Amino acid sequence: MELFDPASSNEKIMVMFTDGRTTAGGDASPAAASARAQGVIIYGIGLSGNGGIDEDALKDWASDPDSAYVAITPNDEELEDLFEDLAENISKPGATNLVVTDQVGSCFRILTVDSPSKGSAVLLDERTVQWKIAQLGAKQSEGAVLTFTVEHEGPCSGLVEVNESVSYTDDEKNVVKFPSPKIRVDCDMVICPEACPDPKQVTIGGCEDTVEYNVGELGLDSPGRILQLDVTLKNVCPHRRVALAAILHEVDEEGREYKRGMKTITVPAHDRTEFRDVTVRCIRFVLPEDLDVSGDPDSICNQRKFKARFIAHYIDSDFECCCEVTV
């Protein structure tokens, strides 16, 4: 401590090379604690002596956390990296006004964002989170953690990269590289037998308050409803197509059923070597209001009840009729 200039405003840092075993003097713990209390940062580098290394002593003397300030028996390469890190930590004042913007890929959406260990985080949209920290590592080596939960919702499968982009800025113009995590997504096979209607492109200028645009003719007999059904076929054999029928009935207050339509679909075969589930999505039924049997024909906001039934069987099979045998 006497080596430090008390009038200096520079940061005070000690780097100790030691086996942690005291050979002269009294207990070093009070002296280390006193130095840390006066704002001194202490690094402990454990080098093995005749009696090994007292790791507990190094962790007691060094600043916290141990993961940042204690290194045990580093080799030459590790020691060189350690010196570089020490020099960088000592010479740089840390970072101020940090902004991290993480946008996940199009096959994911962010469900929840936890409170970070430092700073604040907000959702910019369902795929983008922004994390701001006023200051980090200015007085000591420190880290920060942000955790958020994403949900896979897109068609991508296999080994999928979670982040589409991660950007970082701070006032000191530090360059930070983030890892790019990948997860394996094994989706069910998904069939969409009906495409959505083609959209019409409409553009509104930056200074226009109103725009008139003719999108063409569209007949509308009654408001009606559209019912969209999904069904999952379990344990479908490989290399076999499936014939699927969806049958819809509307149910009145007395439990009577009224036919509302049937859809038949050929589900393509999959080429996996084992059974797999196949999901058929977006089976749509158009239900005009004049078919409503809920009991109030003058209202278009009635609760309507339906029953959906499904029939499925393999189209392809190994069955062959037995040949006739003449004896």
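In this predicted model, leucine 287 of strand S16 is the bridge partner of arginine 225. Strand S13, which spans residues 225–236, runs antiparallel to S16, and 9 bridges join the two. Strand S16 covers residues 276–287 and is mostly covered, with 10 of its 12 residues buried. Cysteine 282 has a relative accessibility of 17% and therefore counts as buried, the limit being under 20%. Cysteine 237 is likewise buried, at a relative accessible area of 17%.

The largest nonpolar core comprises 17 residues, and the members that touch the most others are Leu98, Val104, Phe108, Trp131, Ile133, Val160 and Tyr168. Two or more residues of this core come from each of strand S4 (95–104), strand S5 (108–113) and strand S7 (128–136). When residues up to four places away in sequence are left aside, leucine 98 is in contact with Trp131, Lys132, Ile133, Gln135, Leu136, Tyr168, Thr169 and Asp170. A further core lies apart from this one; it holds 16 residues, including Ile191, Leu233, Val242 and Ile283. In soluble globular proteins, nonpolar side chains tend to be buried together.

The disulfide count is 1. The bond joins cysteine 107 to cysteine 156, with an S to S distance of 2.1 Å. Cysteine 107 is placed in the loop between S4 and S5, whereas cysteine 156 is in the loop between strand S8 (148–152) and strand S9 (158–161); the pair thus links distant parts of the chain, 49 residues apart. Both partners fall under the 20% limit and so count as buried: cysteine 107 has a relative accessible area of 9%, and cysteine 156 has one of 19%.

Aromatic pairs number 2 in the structure. In one of them, the ring centres of tyrosine 43 and tyrosine 69 are 5.0 Å apart and the planes meet at 50 degrees, so the pair is tilted. Tyrosine 43 belongs to strand S2 (residues 41–46) and tyrosine 69 to helix H3 (residues 66–69), so this pair ties together parts 26 residues apart in sequence. Tyrosine 43 and tyrosine 69 are both buried.

Another pair is formed by tyrosine 168 and phenylalanine 178, whose ring centres lie 6.4 Å apart with planes at 55 degrees, so this pair is tilted too. Tyrosine 168 is in strand S10 (residues 163–169), and phenylalanine 178 is in the loop between S10 and strand S11 (182–185); they link distant parts of the chain, 10 residues apart. Tyrosine 168 is buried, with a relative accessible area of 18%, while phenylalanine 178 counts as partly exposed at 37% relative accessibility.

Arginine 240 lies over the face of tyrosine 314, at 5.4 Å from the ring centre. Lysine 263 lies over the face of phenylalanine 285, and here the distance from the ring centre is 5.3 Å.

Conventions. Residues numbered from 1 in each chain as written. Predicted model: local features only at pLDDT ≥ 70, side-chain atom pairs only at ≥ 80, totals over all residues. Heavy atoms only, no water. Core = buried A, V, L, I, M, F, W, Y, C linked by side-chain atoms within 4.5 Å. Buried < 20%, exposed > 50% of the residue type's maximum accessible area, 1.4 Å probe, protein only. Helix = DSSP H or I, 4+ residues; strand = E, 2+ residues; numbered from the N terminus. Contact = heavy atoms within 4.5 Å. Pairing = 2+ DSSP bridges. Disulfide = S-S within 2.5 Å. Phe/Tyr/Trp six-rings, centres within 6.5 Å; stacked < 30°, edge-to-face > 60°. Lys NZ or Arg CZ within 6 Å of the ring centre and 35° of its normal.
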